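User: Hey, could you walk me through this one?

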Amino acid sequence: MTDPTVNETTSKSGGGGGGSDASRIGEVKQWLTQEFSQAGKEVPDFEYTPRSVAYLHNLATLSQAQTQASKILASDFRLKASEYRAQAARIGEILESVGLAQEGLASNVVSSAQVLANVANLLNIRDTELSSFLVAMGDISLRKTGVEEKRAKAQKESNVLLDYTRKAISRLTYLKRTLAQLEDDAGQCEAHIEHWKNNLALMLGKEKQYNQETVRFKDTLNRVGYTPDISHGVLVGLAEERKELEKKTKPVLDTLRSYQDLPPDKALAALAIEDKKRQYAAAEKYFEDVLHTALSTSK
């Protein structure tokens, strides 16, 4: 990965910043030789292009700056270490002067002091004062409370997830049971479907037969002169008219039948019969006129 600082420096000095190209190449070669010699290796051969020289020059500048900063920090750490050693020696002299030298202390005291020092290091405090321990313990308590709150929240979320998992398992079990039941019912449903298919084929045949019969009946009705205007009400009216005509012709028929009992006077009998025939013919003509008028009105 490329250091972003190097990229930034390269972009700022890409054109023709401080120093000529020759001086930059010399500085780059010197830095590479120094770094590879420290690692016990030789500098590999490569082409010094303007881009590579600019990148390596910026990298060398940053490396030298960081090296200088590291030297300063190391010098500061060495100075502090010498001060800590001097302070430790001075404290040792003070303890020895008051009879508390480490060699003169009991082993349990030394162990306790070591434990106290380890606890101080563990709590990341600079001294072993009681106030420092209390502050560190308070900080640990706060951190413990925060951890407990996070743990309670995580436990709550875990319980919710566990509940969801249980519900999902229950639904999965129900779906598996439903699937098994559907698979068991599939055979019966297939048998029903096959039966329905057979019935459907039979009903299609019946439908074709009924359609043919319907066409035949329509032809018969058309042949006899049936029209949709002849409704049930019209037929009922014609039946009533027929009854009325039968009532009117019944006395004539009764009279004709009574003539059969007359004495054998052929002339009178013939006249009576002719009269009754005329009345009967008139009644029939009246019936036909009424029927024709009813049919014409319905149309």
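This is a predicted model: local features need pLDDT of at least 70, side-chain atom pairs count only at pLDDT 80 or more; totals for chains, interfaces and linings use all residues.

User: How many helices and strands does the protein have?

Analyst: The count is 7 helices and 0 strands. Along the sequence the pattern reads α-α-α-α-α-α-α.

User: And what share of the residues counts as buried?

Analyst: 11% of the 299 residues are buried. As for the surface, the protein exposes about 24,700 Å², and 58% of that comes from carbon and sulfur atoms.

User: What about contacts between residues 24 or more positions apart?

Analyst: Taking contacts with a separation of 6 or more, those residues make up 56% of them.

User: OK, switching to α2. Where does it run, and what is its reach?

Analyst: α2 covers residues 21–38, so 18 residues in the helix, and spans 26 Å from first C-alpha to last. That is close to the 26 Å expected at 1.5 Å a residue.

User: Which of its residues are buried?

Analyst: Arg24, Val28, Trp31 and Leu32 are buried in α2. They sit on the same side of the helix, because they cover an arc of only 100 degrees around the axis.

User: Which exposed residues are on the face turned away from that?

Analyst: Ala22 and Gln30 are the exposed residues there.

User: And what covers the buried ones?

Analyst: The cover includes α3, residues 50–97.

Note on methods:
Residues are numbered from 1 along each chain as its sequence is written. Side-chain values use heavy atoms; hydrogens and water are left out. Helices (H or I, at least four residues) and strands (E, at least two) are DSSP runs, numbered from the N terminus. Buried means under 20% relative accessible area, exposed over 50%, partly exposed in between (1.4 Å probe, protein chains only). Contact means heavy atoms within 4.5 Å. Accessible areas come from the Shrake-Rupley method with a 1.4 Å probe; for residues, only the protein chains shown count as cover. The expected span of a helix is 1.5 Å times one less than its number of residues. The arc is that of the directions from the helix axis to the C-beta atoms.
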